[in-house]
Amino acid sequence: MEGLKDAILQYVTKEYLEDDSEPIDFETALISGGIVDSFSMVSLKRFLENKYGIQIPDDKATPEAFDSVNKIATLVEEFVGKKG
Amino acid sequence: MSHIGSYETRIKDFDWAISEKELGYKPGDVINIGWYATDRICQMGKAAKTALIHEGFTGSEKRYTYNDIRLASNAIGAFLRGLGLKDEDRVCLFMDRIPELYLGFLGILKIGAIAQPLFSAFGDESLLVRLSNAETSAILTQKKHVFKVRKILDKLPHLKHIIIVDHDGKAPLKEREVAFSLEGSKPVENLECFPTKAESPSVLHYTSGTTGMPKGVQHVHYSLISQYLTAKWVLDLQENDIYWCTADPGWVTGTSYGIIAPFSLGVTQCVLDSGFSTEAWYRFIEKNRISMWYSAPTAIRSLMKGGDEVVKKFDLSCLRHLASVGEPLNSEAVVWSERVFGKPFLDTYWQTETGCIVISNYPGMEVRPGSMGKPFPGITGTILDPIRNEPYAAPGKIGLVALKFDWPSRMRTYWRNPEAFQKKFRNNWYMTGDRAKMDQDGYYWFAGRDDDIINTAGHLVSPFEVESALLEHPAVAESAVVSKPDPLNLEVVKAFVTVKPGFVASKDLDLEIMNFIRKKLSPLAMPQEIEFVDSLPKTRSGKIMRRILHAKEWGEDIGDTSTLENE
C-alpha cells in the first residue's frame, strides 16, 4: 500500500504541481483543495488504469474518491484486488 | 411576488429606460460599472450591508460589506493608477476565485481600464494568445500562477506589470513583477472614478472560434443596463436574498452575474473557491442560507449523480429560486430539482457576445422542462430558415437562433477583428451559432450548435485551437478534434491523431498527449479520448473533414462524401 501511495503522490506532484508549490502528503485535499480539477481527474484516472492494468468505472471515479492520495490508493486497491 | 410579475405584461410596453431610471442614469451621463457596484450602493444607505461572503480552499471565511468593497476596489484602482495604468489599457485578471479577483475587477473598471478576466486553469499557450491579441499592459495574478506568465514573458513586449497579489517575500520578485497586498494596503476613501460613458469599453472576454484563434469580445459600461434588469427579472434577486453564482469570473457568467449584476443590485453574494463535491456544495448552501442559486447543467447533473439521499442530510429549505446557464438543461434535471429541492432550475440562455440573458424561463411563467424559454422583454429573437435567412413563417421547424442586435449589453465588436464581427450577421440578424425550434407558444427548444465549437460543461472549446496545439507534440503528425457526447458534461473533446514515423501509438503516448494539452491549453481543452488512426478523412484538396468524424461520434448520418479523398 505504501508503494502504491508513493507512486500516486509522485505522479500528482510531477503532473499537477509546480516546482515551487507547497509539498503535498497522502491526506492533502486534491479535488476540494483545487489541486486537481474535475477535468484533470480524467488524466489521473487514465494514469492509474495504465499503470495498474485496471478499469475504474465512471461511477466510482467521483471527486470524493479522488480527493486524496489515501482515498485514491484505497480505490485502486479495490480494483487491483478484483483483477487478481 | 417576483420582480417580473407577468412576463406577458412586461413584453407589451417594455423599454430599457425602466432599468436606466432605476439606476438613476440618463443618456449622456457618466456611467461607470465600478462606481455603480460599490459607491452608489453605499450612497443608498447600504454601506454596512454584507456584499461578499467568501470561503477559500481551507474553509476560511472572509466577509466584506459594501463599504469594504468600495474601499478595496478604490485601493486596487489607486495602485493601478500609481503604476501609470490609464483608461482603455487592458488589465488581465488571472486568479483563482479569491476576493482580489472580484475587487480587482471593480478597481480596474473604476480607473476606466478594460478588465480582461482569464480562467486561472489556462496553460501558458492559451494565456499567450489572449494577452498578445489584447496587447495587455498589466496582469493581476497569484504566486501559484505567475510561473505561466514568466514562461511567455519574452513574447509579451506590451506587458509592463505583473502584479502578484499574495507575494509572501520568500522568493524574490522577477522582471516586471510587483507585489500588492490588499490586506496590507491602506483604505482609499476617495478615488476619482474615470468618467466613462455608455460606449466606453469595460470588459474583454475571450471566446473560442471555429477556424481562427480566440476572439476578444468587447463590452461597454452601458452593458450594466441589461445586466441589472435581467438579474432582477430572471434571477429575481431581492433585497434579502443570499445569492450564489457558481461560475468562475474567467467566463462571462462569472462577471455579468457574479460581479456586475449582484453588486449593482446591492444583494449579498457568496463565493466558494474550492473544487466540486456534492456534500461541500450542500453544506455551503445550508451554512450561508443561500436563497438564489445560479449554476450550470454539468454541476446539476453531478449533484444528481450524488443521489437523493445526500440531499436529506442538509437543511436546504432556504432555497427560494434556482436557475441554470451554460449549456442546455435537460428535462430530467428540471424534474429532479423540483423533486429534491421543491423548485425547478429555470434554464437561461445567452453567450459571451450577448453580455446578458437573452432567452429564458421566468418566475411565474409555465416551465416546460427542457425548453430554453422565451426572449427577454425588449429582445427580439427568431428562428431563421438557413436557406433564405428569413424567419420561418410557422413554428416547429429547426433553424438558426438569431437576434435583433439592439440591447444594451450586446458586444460592440471583436477586439481588433471587425471582419469576424461582421461575419456574425446575416440579413441584419445576429447569428448565435445555435440551432433551435420554436413551439406554438413561443418557447425555444435547443437543437445543437451550427458549427464545430465544442460546448463542454458550459465552456466553449475551439477544435482548431486544440488541433494546433496537438501538432506541437513531437509524436503527432495530423490531428482532428471533434465533440463526443458525454452524460455529465454534455460534450467532451475527442482527438483523432496520426503519429509520425518512429512513434508508436500506445496507452502511455495517449496519456502523455492528454497531459501535454492540459498544461498547454487548459484541462477543459484536454482530449478525454484520443483515437490513433492510420489516416484522417480529407477532401481531395487535402482539408480534414471533421464533420465525418463528428457524425460517427454522434451516430448521425455522415452526409455527402462526394468530396472525400478516398471515395
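Modeller: Of the 84 residues in chain A of this predicted model, 32% count as buried. The secondary structure of chain A consists of three helices and zero strands, and along the sequence the pattern reads α-α-α. Taken along the principal axes, the C-alpha atoms of chain A fill a box of roughly 40 × 25 × 20 Å. A compact globule of 84 residues would have a radius of gyration near 12 Å, and chain A agrees with this because its own value is 12 Å. Among the contacts in chain A with a separation of 6 or more, 60% join residues 24 or more positions apart.

Chain A meets chain B through a contact to which chain A gives 19 residues and chain B gives 21 residues. On the chain A side, the largest share comes from helix 2 (residues 41-52), which supplies five residues.

The partner may be described in the same terms. Chain B contains 17 helices and 28 strands, and buried residues make up 50% of its 567 residues. Its C-alpha trace spans about 75 × 65 × 50 Å along the principal axes. For 567 residues a compact globule would have a radius of gyration near 24 Å; chain B has 23 Å and therefore agrees with that expectation. Of the contacts in chain B with a separation of 6 or more, 67% are between residues 24 or more positions apart.

The domain assignment of chain B gives domain 1 (16-31 + 222-377 + 406-427), domain 2 (66-192) and domain 3 (454-554). Between the C-alpha centres of domain 1 and domain 2 of chain B there are 26 Å. Ten residues of domain 1 of chain B are in contact with 13 residues of domain 2 of chain B. On the domain 1 side of that contact, the residues comprise five nonpolar, three polar and two charged.

The interior comes next. In soluble globular proteins, nonpolar side chains tend to be buried together. In this model the largest nonpolar core has 134 residues, and those with the most contacts inside it include B:Leu80, B:Phe105, B:Ile139 and B:Val358. Helix 5 (residues 66-82) of chain B provides the largest share of this core, eight residues. At least three residues of the core come from each of domain 1 and domain 2 of chain B. Apart from this core lies another, of 44 residues, with A:Tyr16, A:Met41, B:Val482 and B:Phe496 among them. Leaving out residues up to four places away in sequence, B:Val358 touches B:Tyr349, B:Trp350, B:Pro375, B:Phe376, B:Ile379, B:Gly381 and B:Leu403.

Chain B also holds an open sheet of nine strands with mixed pairing, in the order 2-1-11-10-12-13-14-15-16. Strand 2 (61-65) and strand 16 (374-375) of chain B are its edge strands, each pairing on one side only. Within the sheet, strand 1 (residues 50-55) and strand 11 (residues 268-272) of chain B run parallel and are joined by four bridges. B:His54 has B:Val271 of strand 11 as its bridge partner.

Three individual residues of chain B complete the view. B:Val340 sits in helix 13 (residues 331-341) of chain B. Beyond its neighbours within four places in sequence, B:Val340 is in contact with B:Asp308 and B:Val311. The C-alpha atoms of B:Val340 and B:Lys312 are separated by 8.5 Å, although the two residues are 28 residues apart along the chain.

B:Arg416 lies in the loop between strand 20 (413-414) and helix 14 (418-422) of chain B. Its phi is near 50°, a positive value in a residue other than glycine. B:Arg416 counts as exposed because it has 12 C-beta neighbours inside 10 Å. B:Ala457 is placed in the loop between strand 24 (454-456) and strand 25 (459-461) of chain B, and its phi, near 55°, is a positive value in a residue other than glycine. B:Ala457 has 22 C-beta neighbours inside 10 Å and so counts as buried.

Terms used. Residues numbered from 1 in each chain as written. Chains lettered and ligands numbered in written order. Predicted model: local features only at pLDDT ≥ 70, side-chain atom pairs only at ≥ 80, totals over all residues. Contact = placed C-beta atoms within 7 Å. Helix = DSSP H or I, 4+ residues; strand = E, 2+ residues; numbered from the N terminus. Core = buried A, V, L, I, M, F, W, Y, C linked by C-beta atoms within 7 Å. Buried ≥ 20, exposed ≤ 12 C-beta atoms within 10 Å, placed from the backbone. Domains from an automatic or database assignment. Rg over C-alpha atoms; globule rule 2.2 N^0.38 Å. Nonpolar A, V, L, I, M, F, W, Y, C, P; charged D, E, K, R; others polar. Pairing = 2+ DSSP bridges.
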